[in-house]
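Here are my notes on the model you sent.

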Amino acid sequence: MAYSDKVIDHYQNPRNIGTLDKGSENVGTGLVGAPECGDVMRLQIKVNDETGIIEDAKFKTFGCGSAIASSSLATEWLKGKTIDQALEIDNMDIVEELALPPVKIHCSVLAEDAIKAAINDYRTKKGLQPIED
Amino acid sequence: MLKLPIYLDNNATTKPDPRVVEAMLPYFTEYYGNAASRSHPFGWKAEEAVDYAREQIASLINANSKEIIFTSGATESNNLAIKGVFEMYREKGNHIITVNIEHKAVLDTCRKLEKMGATVTYITPGIDGIVNIEQIKNAITPQTILISVMYANNEIGCINPIKEIGELAHKNNILFHTDATQAIGKIPVNVINDNIDLASFSAHKLYGPKGVGALYVRRKNPRVKVTAQMDGGGHERGMRSGTLNVPGIVGFGKACEIAKTEMLDETKRLSKLRDKLENELIKLEETYINGSVKSRLPHVSNISFKFIEGEGLMMGVKDIAVSSGSACTSASLEPSYVLKNIGLDDELAHSSLRFGLGRFTNEEEIDYAIEHVKTAVNKLREMSPLWEMHKEGIDLKTVEWTEH
């Protein structure tokens, strides 16, 4: 199976790898997946409390090239968005952008789950209800 | 001069030796007769070539040339051996003993026979991948007609105590089949000394062409018969009908002849290169060799790089052709059943790479592989949340993961 150019680009030049202070009040952290399933994503967002805009996003991923690319792309898309806009990111957008084959769709689902988990972590910190699917 | 990409997947298939290709060519262009045509020189020439190849092949494993049955490859040989024995000896019993890390050609054949009335015991080997002779002894019943244990495993390269298993089988009047696909041509296999009754193997794993294999079927002490699974003209002493693949068989014969003369030196050379690769790579933290290191093929190394995923790693070393036990490389999304069944955690199975060296592997390539695998592992660990957690002293087993 050949990888698309965009997957290769994100794999070779991943955007926004790193770690934000998960203890910080305006950082939301989402950790999804499981090592025994072969992929784990940790996605973090830093939200400006005044504007409600995601100022920074970082990720680290254990997984295949498509999983790394999906999370890298997610961080790219998250930056500059409001929480509400971020919630609109659909896994199929990721599939389309990266031209993921059917067997790799679960990577995009995981990235969407990671976004939601990070947002919910942030909301919980702010005393808000987590958003249900 | 280093030529990229580098081929380190010699357990999947091998490059045909140029001497093999050269031997085959005239049988495509000039000597195209059917080996079963008895009435003209075209047929005689083909038959002569097949007879010669049969000798070359038999000689490699200390068999008689009459004991070599040509097939399309090891998958067919395994099918013919196991189904053929079950059908032929069914009156004697219906029990088969095998191991749960055998190749799918053995396991799926056994599963099918279970639907047809066979009882199969699947033994779980130790963490080294090697079968304990006591486990087989304990599994034998008065109904046991066949023991099928692979000579060497295709994923981790561990070598089973074949001679002892064969001895046990013969003592109990049970036939012994071995899938010797990964072993023949790589390490000495002697069907007499090893007490083997049936052995499957294939040309393309020993620098021969694809599409041709053989089943060794013992003719004396005991005389073994298998029921044909392919009906037709009654070729191959009635055990496998079908016009013989003459060029393929000629290549197979030549490949066996070369293997016989060069095996000893080649084994030494390859184990030296393999050890170099392995010793360098396990200098990386949290890196583990899978399967036995004591009883193992000289050219195989299966290594898990903890906290990174195998397919991701392969993408990072795209100029090196290897394979992984990671789920992502298969359609099933399940990691390697071989690694799981020897008791490896799923996580480590996902993190594994198999390096298979071969006749055309040189030291420059191994040096390149060492350097590039190390770089990729370090890069991916910097990207891995698991590595970060490990470095922070978090025990990953205590984390509540969201399975999906």
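1. Chain B and chain A bury about 2700 Å² between them, with 63% of that area on carbon and sulfur atoms. Keep in mind that this is a predicted model. The contact takes in 31 residues of chain B and 32 residues of chain A.

2. One of the bridges joins the side chains of Glu311(B) and Lys104(A), at 2.7 Å from N to O.

3. Which elements of chain B give two or more residues to the side that touches chain A? They are helix H9 (310–316), helix H11 (346–350), helix H12 (363–383) and helix H13 (385–391). H9(B) gives the most, with 5 residues. By type, the residues on this side of chain B divide into 14 nonpolar, 7 polar and 10 charged.

4. Next, helix H7 of chain B, residues 162–171. Its buried residues are Ile162(B), Ile165(B), Gly166(B), Leu168(B) and Ala169(B). Seen down the axis of H7(B), these residues fall within an arc of 160 degrees, so they line one face of the helix. Their cover includes helix H6 (133–139), strand S5 (144–148) and S6 of chain B. Just after H7(B), Asn173(B) takes a positive phi of about 60 degrees.

5. Is Asn195(B) buried or exposed? Its relative accessible area is 15%, and the cut-off for buried is under 20%, so Asn195(B) counts as buried. The side chain of Asn195(B) reaches the backbone oxygen of Lys163(B) at 3.1 Å. Leaving aside residues up to four places away in sequence, Asn195(B) touches Lys163(B), Gly166(B), Glu167(B), His170(B), Phe176(B) and Arg218(B).

6. Over all chains, the structure holds 31 salt bridges. In chain A, Lys6(A) forms one with Glu97(A), the closest N and O atoms being 3.4 Å apart. This pair links distant parts of the chain: Lys6(A) is in helix H1 (residues 5–12) and Glu97(A) in helix H4 (residues 91–98), 91 residues apart. Lys6(A) is partly exposed, at 42% relative accessibility. Glu97(A) is partly exposed too, at 32%.

7. In chain B, the side chains of Lys374(B) and Glu280(B) meet in a salt bridge at 3.1 Å, N to O. Here too the pair links distant parts of the chain: Lys374(B) belongs to helix H12 and Glu280(B) to helix H8 (residues 246–281), 94 residues apart. Lys374(B) is partly exposed, with a relative accessible area of 22%. For Glu280(B), also partly exposed, the value is 24%.

8. Two further items in chain B. Lys340(B) forms a salt bridge with Asp346(B), with the closest N and O atoms 3.9 Å apart. Lys340(B) is partly exposed at 30% relative accessibility, and Asp346(B) is partly exposed at 24%. Separately, Asp17(B), Arg19(B), Glu262(B) and Arg359(B) are linked in a network of salt bridges.

Notes:
Residues numbered from 1 in each chain as written. Chains lettered and ligands numbered in written order. Predicted model: local features only at pLDDT ≥ 70, side-chain atom pairs only at ≥ 80, totals over all residues. Heavy atoms only, no water. Buried < 20%, exposed > 50% of the residue type's maximum accessible area, 1.4 Å probe, protein only. Polar contact = N/O pair within 3.5 Å; in protein donor to acceptor, adjacent residues only side chain to side chain. Contact = heavy atoms within 4.5 Å. Buried area = accessible area lost by both parts, 1.4 Å probe. Salt bridge = Lys/Arg side-chain N within 4 Å of Asp/Glu carboxyl O. Helix = DSSP H or I, 4+ residues; strand = E, 2+ residues; numbered from the N terminus. Nonpolar A, V, L, I, M, F, W, Y, C, P; charged D, E, K, R; others polar. Arc of directions from axis to C-beta.
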